[in-house]
Amino acid sequence: MAERIEDWWARRQFSRDRAVPYEVGTYRDAWSSYPMLVRQYHPDLNAGIVLSQIPPAADVLLLWQCEVGHLFVATPSEQRARPTGRRRRSAWCPDCTAGAAPPRIVRAPMPTPAASPAAPTPATRARARPRRRLCGKTPDVAVGTAFVSACAPRPASAAEEKLRAAIFDALAVTSGMNAVRVARPFFEHLEVWPDMLLPELRVAVEYDTTGRFGLEHVGQREDADRRKDRLLRAAGWEVVRLRAGALPPLGPHDVTAATTSRRTVERLVDVLTDIRGPLLVAAYRS
């Protein structure tokens with residue numbers, strides 16, 4: 001039975017008695033014949049495990065993303081068998097397939113009463129929807145530029161403010177920036193608003209909790225977090241999420257079981273050192 005990537009990886013760690021069961025690049029040649037599948041796979045959507053670490057025959061559920069942006073789950077075998085076992089330039093996506101208009105079939109005219117108009121397809125309904133208008137308050141700056149946004153929400157909690165103060169006490173970087181210009185819209189804006197920005201290091205820091213009612217950063221909100229992270233990385237930034245409680249990591253640099261303590265700030269600085277190197281990070285240590 002196919003299993004989640006985290007469960008499969010943990011089982012392989014146990015069976016092979018290694019922290020990294022398969023090194024990066026182990027199955028690069030096996031996947032090289034499927035360039036579109038390589039493009040559809042994102043390590044940050046799959047617990048930080050890259051595709052060349054996964055055997056093509058592994059019975060594991062992976063998260064894929066088509067070029068349009070749709071997310072779907074499939075095993076490596078299912079992906080390699082589509083469509084109908086042939087390799088094509090385009091790759092399979094269930095949402096794109098469902099929204100595609102059926103092929104036109106030309107038949108000889110029949111002497112029958114006029115048929116009622118055909119029901120609109122998902123594709124025609126999508127074309128008929130008015131496009132959402134983008135907010136015009138985002139400044140015309142280069143993608144990846146940090147700035148002060150008039151649209152950014154206020155800090156979510158006193159705990160976040162406490163953590164923010166501790167981070168900027170530990171690192172002498174520019175404070176006050178609250179937005180990054182991105183290339184693609186994010187909820188009608190060409191900007192995203194991380195909890196904390198470290199401009200000199202080009203790292204965005206997010207402090208994630210489940211909130212008062214246990215609904216924050218789960219389900220669809222987790223999908224939005226992943227989309228924001230992809231936009232930031234595409235703009236040249238790295239993302240570190242400080243994940244409180246039982247929230248699992250979303251990216252390769254996330255810190256789990258995080259609190260607002262000094263220990264969490266120290267763990268964050270260690271991660272920043274891994275990302276940007278000790279010389280650069282040391283230059284901004286307070």
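Which exposed residues does helix H9 carry on the face turned away from its buried side? In this predicted model, that face of H9 carries Arg262, Arg263 and Asp274.

**Helix H9**

Helix H9 covers residues 262–276, which makes 15 residues. From its first C-alpha to its last, H9 reaches 21 Å, close to the 21 Å expected at 1.5 Å a residue. The buried residues of H9 are Thr264, Val265, Leu268, Val269, Val271, Leu272 and Ile275. Viewed down the axis of H9, these buried residues fall within an arc of 165°, so they line one face of the helix.

**The hairpin of E2 and E3**

Strand E2 (residues 60–65) pairs with E3 in the antiparallel sense, over four bridges. Within this pairing, Gln65 stands opposite Leu71 in E3. The two strands E2 and E3 form a hairpin, with five residues between them. In the turn, Gly69 has a positive phi of about 120°.

An open sheet is formed by four strands in the order E7-E8-E9-E10, and its pairing is mixed. Strand E7 (196–198) and strand E10 (255–256) stand at the edges, each with a single partner strand, so one side of each is left without a neighbour in the sheet. E7 and E8 run antiparallel and are joined by three bridges. Here Leu197 stands opposite Ala204 in E8.

**Exposed residues in loops**

| Residue | Loop | Relative accessible area |
|---|---|---|
| Val24 | between helix H1 (5–16) and helix H2 (28–31) | 53% |
| Leu215 | between strand E8 (203–208) and helix H8 (220–234) | 56% |

Why does Leu215 count as exposed? The cut-off for exposed is over 50% relative accessible area, and Leu215 has a relative accessible area of 56%. Val24 likewise counts as exposed, at 53% relative accessibility.

Leu215 also belongs to a nonpolar patch on the surface, which it forms with Phe213 and Val218. Together these residues have about 330 Å² of accessible area. How far apart are Val24 and Ser52 in sequence and in space? Val24 and Ser52 are 28 residues apart in sequence, and their C-alpha atoms are 5.7 Å apart in space.

Technical notes:
Residues numbered from 1 in each chain as written. Predicted model: local features only at pLDDT ≥ 70, side-chain atom pairs only at ≥ 80, totals over all residues. Heavy atoms only, no water. Patch = residues over 30% accessible without salt bridge, like charges linked within 9 Å, V, L, I, M, F, W, Y side chains within 5 Å. Areas by Shrake-Rupley, 256 points an atom, 1.4 Å probe, with all protein chains shown as cover. Salt bridge = Lys/Arg side-chain N within 4 Å of Asp/Glu carboxyl O. Buried < 20%, exposed > 50% of the residue type's maximum accessible area, 1.4 Å probe, protein only. Pairing = 2+ DSSP bridges. Expected span 1.5 Å × (residues − 1). Arc of directions from axis to C-beta.
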